[in-house]
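Okay, thanks for coming, everyone.

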Amino acid sequence: MVEPKSKQARQDVILSGSELSTFVRTAVDAVEAIDVHTHLFPGQHGALLLWGIDELLTYHYLVSEMFMVAPSEVTHEAFFALPKTKQADLVWKHLFLERSPLSEAQVGVLTCLQKLGLGNLVATKDLSKIRAWFAEQDPLKHTSKVFELANLKYVVMTNIPFDAQEADCWVKPGAKIDESSSSFSEDDKIIQQSFCESRFKTALRIDPLLKGDWATIANSLRARGLPETIEGTKAFLRAWAKVYKAEYMMASTPGDFVYGDADEPRQEGWPTATKLINEAMVPVAEELGLPLALKLGAKRGMNPGLNPCGGGDGVMIADVAPLEELCRNCPRVKFLATFLSRVNQHEVCVLAQKFRNLHLYGCWWYCNNPSIIEEMTKMRVEMLGTAFTAQHSDARVLDQLVYKWSHSRAVIAEVLVKQYQLLQSKGWPVTKSDVQRDVNRLFGGSYEEFMAKDLSGVSDPKNGVVPSSAASAAGVAAAAPPPPGIAAADMPKRRNNKAFKALCRDFARYCAPGTAGCGCC
């Protein structure tokens, strides 16, 4: 919509002094954000929607924090055997009553309650009355209130077709997929959705493919009447993408994720993750124009005792090489990525500069703390301008949207204030429309621009179209002698060794072999 010239003129007033900082903070607060990745569900999906004080208090952030300070007799087994209200009571006692709630997750609960209008109950620390207030709320109306408080345009859900409970919200039990049409074979088996599709958008989660977990894939194919083949897998993905009307496919990669020659099947006779990616995921992604969103760096099952609440996972420094190879090998597929480790952030910013089919989003999970959000946002602005999405909530509990977006907006605004002040110091005029345009991009506009990007005309090395520079580099690498200490006769044997393949991959990433190369070897 084109705004009246009079309004444009008002917005194009050059900002200066305190007016600049005030306007930037106001613009960040006012923009309707797009939450590009959550684990939320609409109220129409019943028990899948998590909301209310007991869900907030028993979220895995807080349960993990409670076990740090709870007495030893509060064991994992004893705690998870309790009803949820009793679990919440223990978290409230140990984290909110017996010590000040200083951590980000603890402060987040207080922010939620305060913004929901329960400041008086926070002041009295009366959990029973807080619980009674939530019990009186209608889930659908409460959802609208939370969206309003968080100021969100829409959220993207995480929809798992391999999970029977979730799938039953979309198709009736026993629904089969017709391989020839890649669609569910009976229209009456598809459940018509009544939730607001402009508020809740979908994502097709495909973790088993990137894990090389053929057992899970084969079971799902069998249940839907499909052959246990790559073609059956493609039909499965197409059918669910149609049912969901998915924004993108997505996956959280395993800690040992490998893509390329070094990949090996999880079990003998299974296809590798690389085969599933190259022969099932990529063709469907290109055919349907679906990007792939990746979350990298979670160390699954670090403490299995916390798994019942989803809190057993830790963080690890992820290998960025598989993402680099995917972006290079699949130039017509768009990739969105977020990394869990703070250590990875600089490397992936550089990667995003080099590949037009890569978009970085959010400060995920253990990075979703104000100090790290500030650091990451500042670095990304300095390296990527506005060509990234500043935040996503990753929320599993509806009410978390309130605090995660409130806290993030405050931090991101201060980063932008300093950056605009830097522009002013260089003599560059900053106007209201400049600020609003940039803020809109950082809070979802860049995501929508990236999603709309057409890469269908980009040359694809898989089809024999390889840039001359890449072909030249490949020739140099092929002609290079083995590194010192490795006999040429040993090379064929070593090429079949997984560890050696990984070493070669790292060698290729960081070294240019030969006399004209970097000289490190």
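So, to begin: how many bridges join β1 to strand β2? Three, and the two strands run parallel. Before I go on, some ground rules: this is a predicted model, so to speak of local features we need pLDDT of at least 70, side-chain atom pairs count only at pLDDT 80 or more, and totals for chains, interfaces and linings use all residues. Residues are numbered from 1 along each chain as its sequence is written, and side-chain values use heavy atoms, with hydrogens and water left out.

Helices (H or I, at least four residues) and strands (E, at least two) are DSSP runs, numbered from the N terminus. Strands pair if DSSP finds at least two bridges between them. The protein chain has 23 helices and 12 strands.

Back to that sheet. It's open, with three strands in the order β1-β2-β5 and parallel pairing. β1 (33-35) and β5 (200-201) are at the edges with a single partner strand each, so one side of each has no neighbour in the sheet. β2 covers residues 152-156, and there V155 is the bridge partner of D35. Two helices lie across these strands. Helix α10 (residues 139-150) lies across β2 and β5, at about 115° to β2, while helix α20 (residues 432-452) lies across β1 and β2, at about 65° to β1. Those angles run from 0 to 180 degrees between N-to-C directions, with axes as lines fitted to C-alpha atoms, for helices over the stretch in contact.

Next, N159, in the loop between β2 and α11 (164-167). Is N159 buried or exposed? Buried, with a relative accessible area of 0%. The cut-offs are under 20% for buried and over 50% for exposed, with partly exposed in between (1.4 Å probe, protein chains only). Leaving out residues up to four places away in sequence, N159 touches F41, E166, W170, T202, A203, L204, R205 and Y244; contact here means heavy atoms within 4.5 Å.

L204 comes up again in the strands. Strand β6 (residues 203-205) pairs with β7 in the parallel sense over three bridges, and L204 has M249 as its bridge partner. On the other pairing, β7 and strand β8 (residues 292-296) are parallel too, over four bridges, with M250 opposite A293. In a regular strand the side chains alternate between the two faces of the sheet. For β7 both faces are covered: Y248, M250 and S252 on one side, M249 and A251 on the other, all buried.

Now the nonpolar cores, meaning sets of buried Ala, Val, Leu, Ile, Met, Phe, Trp, Tyr and Cys residues joined through side-chain atoms within 4.5 Å. The largest has 142 residues, and L209 and W240 are among those with the most contacts inside it. Helix α19 (residues 400-425) gives the largest share of this core, 10 residues. A second, separate core has 13 residues, including V36 and Y248.

α19 also packs with helix α2 (residues 17-30), at about 145° and with axes 9 Å apart.

Last, confidence. pLDDT is the predictor's confidence in each residue, from 0 to 100. The chain averages 90, and 86% of the residues score at least 70. But pLDDT stays under 50 over residues 465-496, and again over residues 512-521.
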